[in-house]
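Hi,

Here is the model I promised to pass on. Could you have a look when you get a moment?

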Amino acid sequence: MADDVSELKAALESALAQAATPDAVEQIRVAYLGRKGHITGLLKGLGKMPPEARKAAGQRINELKSAAADALEARKLSLVDAGGSAVTIDVTAPGLLAAPGGLHPITQMMYDLDDAFAALNFEVYQGPEITSEASDFDNMNFPPDHPARESMDTYWLSGESNDARRCLRPHLTGGSVRRMLEGPPPYRFVYPGHVYRNETTDARHERAFVQYEALIVDRDVPFTAGRLLIDTILQTVFGRPVKTRMRAGFFPFVEPGYEIDMECQVCSGSGCSVCKHVGWLEVMPGGVPHPNVLRRAGLDPDEWTGFYVNVGLDRLVMMRYGIDDVRLFHSADLRFLRQFR
Amino acid sequence: MLVSLEWLKEYVDLPAGLTPEQIMHDLTLATVEVEGVVFTGQALDRVCVAEVLQADKVPDTKLTLTTCDAGEHGVLSVVCGATNVRAGLRVALALPGAQIYPKGAAEAVEVREAEVRGLASHAVICSAGEIGLAAVFPPADEQSIMELDELAGIPAGTPLASAIGFTDAVFEIDNKSLTNRPDLWGHYGIARELAAIYDAPLSTLPRAPEVAASDALLAPSDAALCNRFTATVFEGVTVTGAPLAMRSRLARVGQRSIDLFVDLTNYVMFACGQPSHAYDADELDLPMCARASRDGEAVTLLDGSEVHAHPSVPYIADARRPLAVAGVMGGEASGVTPGSRRIFLEMANFDARLIRAASQRTGARTEASSRFEKALDTQRIDAGLGLFHQLLADIQPEAKAVAFQDAAAAPTVPAEVRVGHRYITSRLGVDFPVARITRYLESLGFSVQESAGIFTLTAPTWRSTGDVSLPADIVEEVARLHGYDNFRFVPPQVALTHLPRAKRVPLDRQVRELLAGAGLQEVFTYPWAKRAQLQAAADSWQEFMTLEMPPAPDQERLRPVLLPNLLEAVDTNLRYFDTFGLFEVGAVYPGAGEGVAAAAVLVGDDAGHLFRRVRGVVEHVIRGAQLKGVELRPSIEPHDWVDPSVRLDIHSGGEVIGVVGRVSNRSKRLAGIDRAEVLAFECRLEALQFQPTRENSYQRVAEFPTSWFDVSVLLADTVPWAQVEAAVVGMDSLLREVRWVGEYRGDGVPQGARSLTLRVIAGAEDRTLVSEEVDGLRARVLETLEKTLGARQR
């Protein structure tokens, strides 16, 4: 009798150890504790035992039954807890997006820049896309005979009288005077937007592109403040500090004017085919708003000064991602746009 | 513009050890963009001066077998095909390893030892064209080898580059960066700039000698056109070739040698930026003048083109006829010829705008016109004359200037600028003392006076034609000479005030981000639209803004709405995708004005599903952007692109500002879309307003659990969901909400009907509903639907 109990206990332990699934544990439970189970059988056998032995044997068998029930439950729980999915899952299958949409890569960059400038308490200004010769040339200190006015690369509207010609804006800078006329100085604003030039398109030339302008106007702003604008833009785009240099440049609406170069990100300045072996890439013009521009904005140029930069976002985005054809931006081609979700 | 370092060094004594690369860098940062530097000697590597010792015709061929003394390279036998090869001649000998361009070859060929007709040939005797020197040594014909008589004193074996002055570094300067600096359009101007940058000594240019004054050379010129006209007559001249050193310099800066006098005028122009023109004095009927062209007057220019009279074409004319287009190009008839013995030198100054107009009118963009149109100072004529006299005297001492006339109508007035010391230092962000500012400005030729913190500055004439006129210009001069990179960053100090606009994120950005979040991809299209697309989706528009010079003939109209271009984008993408969504937020040009709109398209095959999605997108934007008073209302008003049976209007403030619905079959056909359903919305944004603050309302969260049950009924298609919802919601106060679960058409559902499943949520404020209550509600919902809407339980 004593042997039966010990044997059953050992057999149960060994069977449980081998059970690999909750179902197997259930089968063991039926085999031991079921109506025709081994332990049930022992209990049934009690009646045939002499009464003096029955009490002790009954106690031992009941202990075994209770221990067996605990062991079965424990084994079952441990197998359930350790178990995985009921179905096989291929973890290499592509991920699903609830709603696969996205912003245009240029819009994404624009908003990154807006946020960076918002952190410097710059306002985001937006102006109209139809502008006039008065706004984009007169206010910008282009002399009446400046070749840019005569040039064929502005999209002039047809049927306009000659003294008030309107156009799709060829650059953003005219809008900065418009903004300054809306309220008193000082000013800190960025001005992103689409601009248009009548060009023959190829991989490097587009008729429609996006510029990003930043302007600060205050008293006693040294020209080195421009570095704040330049660095904010380039660090946001490239995610790390980018070495830049300022050199003399000439634009009618700034004085002094600068060409701003950044260290070539391909060769880190050592010279390569991208930077024509100079180590630097011309990235944006900038400068101090010309006194005539400030006057057009109703400001006294002896009292107010500032700094302005204007960068072509298309080119920055191309540099950032290694895009080799500017025409893709206006292609509306999802095969291209979906890469930037 | 090409600038020779060797030439610059004639005028400025640069610091020892300065490399061309360093000059390129420094000039780029301080003054103008130097795009590159070319070492002109490199192309002549392994080409040396040699003497032909012996030349023997090879029988039955056109070849000559020569023996050449190549100095340290030895005495070499060379087979030569040229007819002018002969003993005693000095030649350019290309040794093995040299790169030459044989006649007709597009790419360089490396010279090797070779065997010609069984004769060993150890080098090549070169023609000027083969080594790129035709500009210095104009060849008699293409077959001839160079005859280097001018190098008689040079030992055989000397590298040709050093013998002819080609061991030079030539800078390529970006002309665009020179547009506002007329003073830099010559070597002396660049040298003057380098002298200031490096604080290096600058030599002065010679002055012209006194010449007998005459008043018979010039007649009065047109004052608006001509600021100064000088005429000098030289006698006893011989029209030969220019000396090698002059031809060499001209060639290195890209100018072909013509004859002594053309070369002299070019040389003076490249040296000090002053164009001039030499005439054969015996061909002229003096006096000369600069004046407008007169009707019927035509001139044949040096390049053979014919120019006719026009208000924007001014002439140089003698008493009889026009001879040249002023400031642009000389005429064919009056030029210097080999037989000329007397020269009339015109050195004048013209109005920049008129010369630009003349250049545009005639289509002739010359070295002269590109200088005059930048506005030159009249005083540089003195430097030009001085240089011309000195050069001619050195080359032909027998030539004499016999008459001179100077008609100076409007000398350039030196610009005066008054600027405060503090103005300069506050804009530089550095407290430069007066002495340092003075030093920088004086090195650039300014005369400087300072008193009580105010500078009174007189600009040199070469900076006074528009370049320098304002205090800001002075800041730039000081900053660039100090070096922009040498200024420390000074953080700007600003007063912290709130922004004039309260809302940080503008509406267009919110709308873009919400649309992208709703599963649509943003696209950029052009502001103009093709006629076909406009017909498809904007056919009712009568007025358009149009472009004077459109990108293509059928794209002159600016888009009044966004959808035409979005439909084109749908067509494009259907080539690669079946199901997708696109949107654009951008400017639209309805009639004579400009607005901002948002539009989206959803493409797929199930119009019912797509409609619910596009409607969901619109509702998502309205909620997400916290828009005030925007709602969707049914409408059957005709509209350009909408299928009237599947459409809602977007209302705001009592006005229809947009539409959402299915793109009609007609619009799809015209837009070339034949195999997909397209659901779309377009909405004007400028009228929309944000809620002043968030306006969601709070309802207490139920304390007791709610119950729900689903009901499926058969309903006629004519009964819309809105009626079902309205009938159930108002039925009993215990009914909290009715939700759409789904609809089904197909097996078991008759034509013209659908099976609609709705979920009803019920609950009480003070208790949990018992199942009898829920069952009762369920029965009443069914009963109501049956009685009021003719529904049947499924």
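Below is what turned up when I went through it.

First, the conventions. This is a predicted model, in which local features need pLDDT of at least 70 and side-chain atom pairs count only at pLDDT 80 or more, while totals for chains, interfaces and linings use all residues. Residues are numbered from 1 along each chain as its sequence is written, and chains are lettered from A and ligands numbered from 1 in the order in which they are written.

Chain A has 12 helices and 9 strands (DSSP runs, with H or I over at least four residues for helices and E over at least two for strands, numbered from the N terminus). With a radius of gyration of 40 Å, well over the 20 Å that the globule rule gives for 341 residues, chain A is more spread out than a compact globule. That radius is taken over C-alpha atoms, and the rule is 2.2 Å times the number of residues to the power 0.38. Along the principal axes, the C-alpha atoms of chain A fill a box of roughly 130 × 45 × 45 Å. The domain assignment (automatic or from a database) gives domain 1 (2–82) and domain 2 (105–340) in chain A, and their C-alpha centres lie 84 Å apart.

Next, where chains A and B meet. The contact (C-beta atoms, placed from the backbone, within 7 Å) takes 60 residues from chain A and 65 residues from chain B. On the chain A side, β6(A) gives the largest share, 5 residues.

The largest nonpolar core has 294 residues, and B:Leu93, B:Ala94, B:Leu582, B:Ala600 and B:Val614 have the most contacts inside it. Such a core is a set of buried Ala, Val, Leu, Ile, Met, Phe, Trp, Tyr and Cys residues joined through C-beta atoms within 7 Å; buried means 20 or more other C-beta atoms within 10 Å of the residue's own, with C-beta atoms placed from the backbone. Helix α6 (residues 260–272) of chain B gives the most to this core, with 10 residues. Beyond its neighbours within four places in sequence, B:Leu582 touches residues including A:Ala332, B:Leu520 and B:Ala600.

Finally, a helix to look at. In α10 (residues 421–428) of chain B, B:Tyr423, B:Ile424 and B:Arg427 are buried. Seen down the axis of α10(B), these fall within an arc of 95° (from the directions of axis to C-beta atoms), so they line one face of the helix. After α10(B) comes B:Gly429, with a positive phi near 75°.

Best wishes

Note on methods
A residue is buried if 20 or more other C-beta atoms lie within 10 Å of its own, exposed if 12 or fewer, and partly exposed in between; C-beta atoms are placed from the backbone. Two residues are in contact if their C-beta atoms, placed from the backbone, lie within 7 Å.
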